[in-house]
Amino acid sequence: MKELVIISGKGGTGKTSVAASLAVLARCSVICDCDVDAADLPLVLEPEIREEHEFHSGHEAIIRQSDCTGCGICRDLCRFGAIRIKKEGIDTLLVVDPVSCEGCGVCVQFCPEKAIDFPESLCGKWFVSKTRLGPMVHARLGVAAENSGKLVSTVRQEARRLAEKDGYDWVIVDGPPGIGCPVIASITGASQILAVTEPTVSGEHDLERVLGLARHFQIPAAVCVNKWDINPDMTERIEEKAKSAGASIAGRIRYDPAVTRAQLLQKTVVETDAASASDIRGIWEKISLSNGALLAANTPAAACDDYLKNKNTGG
């Protein structure tokens, strides 16, 4: 089983559109959306949720008002300003702002009345869904919640488990933008990275950061330039820099207004007659060949056929 992670270094490069199209070309691979802050693949693939799981990580302080004497020690010690004064009628209460609380536990440790509970925090939910392309694992991080990297790891772990259990050859991962903790959690241990960039100064800069991340974790990286024809000179410059950084060139994708029309129809680009569909097919052929197999030959046909047969019958 191989895992391809599509990343971008910045938002808006077309990463999700490429990831969704590659999921089509991989036939019935397990699909994984690791952008837990703002998952976009569900907008195209219309997942039918089959499993829903809570994600707990870290802790949150909660003051028990019945035991609190209002001494204010917790408020004085909280370096994050999470302990607030709240007026409730004639009473003055100390309360914890859950958005500001970092779960450090200092207030719990030093409260003389032991009046502060410290339960595990509910940070979001993750899902296993059924789509027209195969199983999909995705998640939704709670508002202002932390530990997105841990949630990404949970989503990837489940996607890999499904792929190994059912014999799928590939996991196709739509990674989050940037180079922060969620991205690191998305690519660590992956078989290959596909970095989608655009022919702009910011695209060039962010690609350099992404490729530096790939080198650090020693993960093979390929690069494709989306909308390459709006600036051919910059495209050539980006590709030369990518080669110098040790990355291969997977291909180029032309600027194509039909991509927007496909999104409005809730379809991937390669499910339409868009001119850029052939560009994406060429990129997939290079990636699958470089990994030693064409998915058309090696996809577990029985699993795919059973899934496609039952997708509209609830099976």
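**View 1. The open sheet of nine strands.** In this predicted model, 9 strands form an open sheet of mixed pairing, ordered E3-E8-E9-E2-E10-E1-E11-E12-E13. Strands are DSSP runs of E with at least two residues, helices are runs of H or I with at least four, and both are numbered from the N terminus. Two strands pair if DSSP finds at least two bridges between them. Strand E3 (48-59) and strand E13 (248-253) stand at the edges with a single partner strand each, so one side of each lacks a neighbour in the sheet. From one strand to the next, the twist averages 20°. Helix H10 (residues 277-290) packs on the sheet and touches E1, E10, E11, E12 and E13. Its direction makes about 165° with that of E13. Axes are lines fitted to C-alpha atoms, for helices over the stretch in contact; angles run from 0 to 180 degrees between N-to-C directions. Contact means heavy atoms within 4.5 Å.

Residues are numbered from 1 along each chain as its sequence is written. Local features need pLDDT of at least 70 and side-chain atom pairs pLDDT 80 or more, while totals for chains, interfaces and linings use all residues; side-chain values use heavy atoms, without hydrogens and water.

**View 2. Strand E12 and its two partners.** E11 and E12 run parallel, joined by 5 bridges. Ala-195 has Val-223 as its bridge partner in E12. The chain passes from E11 through helix H7 (residues 201-216) to E12 in a right-handed β-α-β crossover. Right-handed means that, with the strands pointing away from the viewer, the path from the first strand over the helix to the second runs clockwise. E12 and E13 also pair in the parallel sense, over 5 bridges. Cys-224 stands opposite Gly-251 in E13.

**View 3. The surroundings of Ile-116.** Ile-116 lies in strand E7 (residues 116-117). Ile-116 counts as buried because its relative accessibility is 7%. Its contacts, not counting residues up to four places away in sequence, include Ala-61, Ile-63, Cys-74, Cys-107 and Cys-111. Ile-116 and Cys-74 are 42 residues apart in sequence, yet 9.3 Å apart in space, C-alpha to C-alpha.

Definitions and conventions
Buried < 20%, exposed > 50% of the residue type's maximum accessible area, 1.4 Å probe, protein only.
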